[in-house]
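Hi there,

Here is the structure I promised to pass on. Have a look at it first, and then read on for what turned up in it.

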Amino acid sequence: MELRLATVVALCLFIAKGTLGLHFINVSVPRYAELHETLTMSCHFELGDARLYSVKWYKDDYEFFSYSPVLNSKNFALPGIKIDMSRSDMNTVTLLDLQFSSSGTYRCEVSTEGPNFETLFSNENVTVRALPASEPIITGLQPAYSPGDIIEANCSSPKSKPQAIMAWYLNGKTVDRYSLVYYASSEDEEGLSESVLGLSARAEVTLFPGGGPLELRCTATVQERTWSKTATSLLARLNNQKLAQDDFTNQSGKACVSLLLLLTSMLLNYSW
């Protein structure tokens, strides 16, 4: 009975030792990284009863960093890869001054010594981007509009890569495409593009709810990030002199119409 129990315990320990061999705890590689910034990637693992042979990092299947407990760490030249060796070790690797060519698939590969010679790896994609330096800028909008005026404005987002997706909102509602003006953009030497979207719409009284201000909002979106800018315009108020002139004109017009109607009636009733 004791022999059987000892056998079972030994078998359990053997299975547990196998299941507690080399395995990843956490592999952290961000989805996005910023142009010219620093990127630190981590690769944490448990060896169990195994001994570490090496930790290697690859970009698009090309090795660029290798760590070994018995050998010095090594780095290999690749486009877009500039390693900070003082901040790179068994669990982390740090890249400096990221370029667009730094984008790609990164792989952490961990290997153990014999007798098991285990190897595990994990792949993650990184995209280097350049975000707009500030919120959008609205230009051309007037402080007030009269009914029938044409509202014309441009919204510009600073250079970015990928190019920002622009949108206009009028009193909280998306502006339809028939009121939008699209502008072509060109890339600079780094591949960055400015985004500009124009707006052209007729000022209707209904756009100024309760006689209050018209609200225009422009947004610029790059992947999961959105920046916005809001501006307002008022419904133009006529001054007293203009109102008096309009009132005089209206009254004079009414008087003329009344006089014409009277003369017409007299002529019709006149007996020749």
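**Around Asn 91**

Leaving aside its neighbours within four places in sequence, Asn 91 is in contact (heavy atoms within 4.5 Å) with Met 41, Ser 42, Cys 43, His 44 and Phe 45. Asn 91 sits in the loop that joins strand E6 (74-75) to E7; strands (E, at least two residues) are DSSP runs, numbered from the N terminus. Is Asn 91 buried or exposed? Its relative accessibility is 19%, so Asn 91 counts as buried (under 20% relative accessible area is buried, over 50% exposed, and in between partly exposed, with a 1.4 Å probe and protein chains only).

Before going further, a word on what you are looking at. This is a predicted model, with residues numbered from 1 along each chain as its sequence is written. Local features need pLDDT of at least 70 and side-chain atom pairs count only at pLDDT 80 or more, while totals for chains, interfaces and linings use all residues; side-chain values use heavy atoms, leaving out hydrogens and water.

**The sheet**

Three strands make up an open sheet in the order E1-E3-E7, with antiparallel pairing (two strands pair if DSSP finds at least two bridges between them). Strand E1 (23-28) and strand E7 (92-95) are at the edges with a single partner strand each, so one side of each has no neighbour in the sheet. E1 pairs with strand E3 (residues 39-46) over five antiparallel bridges. Within E3, Glu 46 is the bridge partner of His 23.

As for Val 55, not counting residues up to four places away in sequence, its contacts include Phe 45, Tyr 67 and Met 90.

**Where to be careful**

The average pLDDT (the predictor's confidence in each residue, from 0 to 100) is 85 for the protein, and 79% of the residues score at least 70. Over residues 1-19 pLDDT stays under 50, and the model has one contact beyond four places in sequence for them. Residues 238-248 also have pLDDT below 50, with two contacts beyond near neighbours in sequence. Where pLDDT is low, the predicted coordinates should not be read in detail.

Best wishes

Key: Helices (H or I, at least four residues) and strands (E, at least two) are DSSP runs, numbered from the N terminus.
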